[in-house]
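Hello,

Here is the structure I said I would pass on. My notes on it follow below.

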Amino acid sequence: MDAHTIERLGDELYDAWKARRVLSPLIEREPNISLRDAYAIQLRTVSRRVDAGETIVGKKIGVTSKPVQDLLGVFQPDFGQLTSGMVRSESEGVDLNQLIQPKAEAELAFVLERDLQGPGITATDVIRATAYVAPCFEIVDSRIRDWKIKIQDTVADNASCGVFLLGDVKGDPRKLDLTLAGMVLRKNGELFSTGVGAAVQGSPVNAVVWLANTLGELGLPFRAGEIILSGSQSSLVPVTDGDELVCQVGGLGTCRARFHGRSAL
């Protein structure tokens, strides 16, 4: 795909995010988009946000579960970039007026205390480089109409990043069994789903290893202070005004997300 087309599609996605509107699937209009093209489009979109004043604060891993991979016809995860404009807190909650067609996922975040440069990163390297882990919610959002996405669409759309918030609790990954730690997700006080770390590439740590090595091959390191979202341990949760989600990770603690306002769709 030529540079002009990549720039045009990246600008379309940025403009759709800013105006809170949807686009028809990119893969329908440009059926020859490769994954390499899609990541180049993502880079253009993220660069527009950075040029507008945001900073990169971390990375997210998506498409980590087998059911989602089967749905999109891929056999490896994808990744997106987290910016300062995506950060929310438990105290402020999530303003749906800033989103289009949001869905929430419960997962585990790794906050790094030192750089990691792949390839060749191991699970031990990730644990040693992690300051702490925290339960979190990622509220994914798509600029593609009705979530009619293929892998090229979601990658180009910055892995469907919306916003995210971390729980206030901080756990030492050296003292937690992140593979077997269970996660319970409740919506408005009712049990919604349960999960376990092993559902994410065998362990959330493995997902972070994959991303560190994948980015390392591209010459991109993890930086100290970055937040890495390791992939959903829950099914996607539709959210509307007044909803409250609570996820609890065994041995770690909870994260709470309250939602207010109305999404664009």
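Ala159 sits in the loop between α6 and β7 (163–166). This is a predicted model, and in it Ala159 has a positive phi of about 55° although it is not a glycine. Ala159 counts as buried because its relative accessibility is 3%, and buried means under 20%.

Asn188, found in the loop between β8 (182–187) and β9 (190–196), is also not a glycine and has a positive phi of about 50°. Asn188 is partly exposed, at a relative accessible area of 42%.

One more loop has a point to look at. Between β5 (103–112) and α5 (123–129) lies Pro119, and the peptide bond joining Gly118 and Pro119 is cis, with omega of about 0°.

Next, a helix. Helix α3 covers residues 35–51, which is 17 residues, and reaches 24 Å from its first C-alpha to its last. Its buried residues are Asp37, Ala38, Ile41, Gln42, Thr45, Val46 and Arg49. They pack against α1 (3–19), α2 (26–29), β1 (56–62), β2 (78–83) and α6 (151–156). Just after α3, Gly53 takes a positive phi of about 120°.

Last, which side chain of opposite charge is nearest to Arg88? It is Glu92, 5.1 Å away; Arg88 is buried yet has no salt bridge, since a salt bridge needs the atoms within 4 Å. Arg88 lies in strand β3 (residues 87–88). A polar atom of the Arg88 side chain is 2.9 Å from the backbone oxygen of Gly85. Leaving aside residues up to four places away in sequence, Arg88 touches Gly93, Gln98, Val163, Phe164, Leu165 and Leu166.

Regards

Notes
Residues are numbered from 1 along each chain as its sequence is written. This is a predicted model: local features need pLDDT of at least 70, side-chain atom pairs count only at pLDDT 80 or more; totals for chains, interfaces and linings use all residues. Side-chain values use heavy atoms; hydrogens and water are left out. Helices (H or I, at least four residues) and strands (E, at least two) are DSSP runs, numbered from the N terminus. Buried means under 20% relative accessible area, exposed over 50%, partly exposed in between (1.4 Å probe, protein chains only). Lys and Arg count as positive and Asp and Glu as negative; His and the chain ends are not counted. A polar contact is a pair of N or O atoms within 3.5 Å; within protein, one must be able to donate a hydrogen and the other to accept it, and residues adjacent in sequence count only if both atoms are side-chain atoms. Contact means heavy atoms within 4.5 Å. The expected span of a helix is 1.5 Å times one less than its number of residues.
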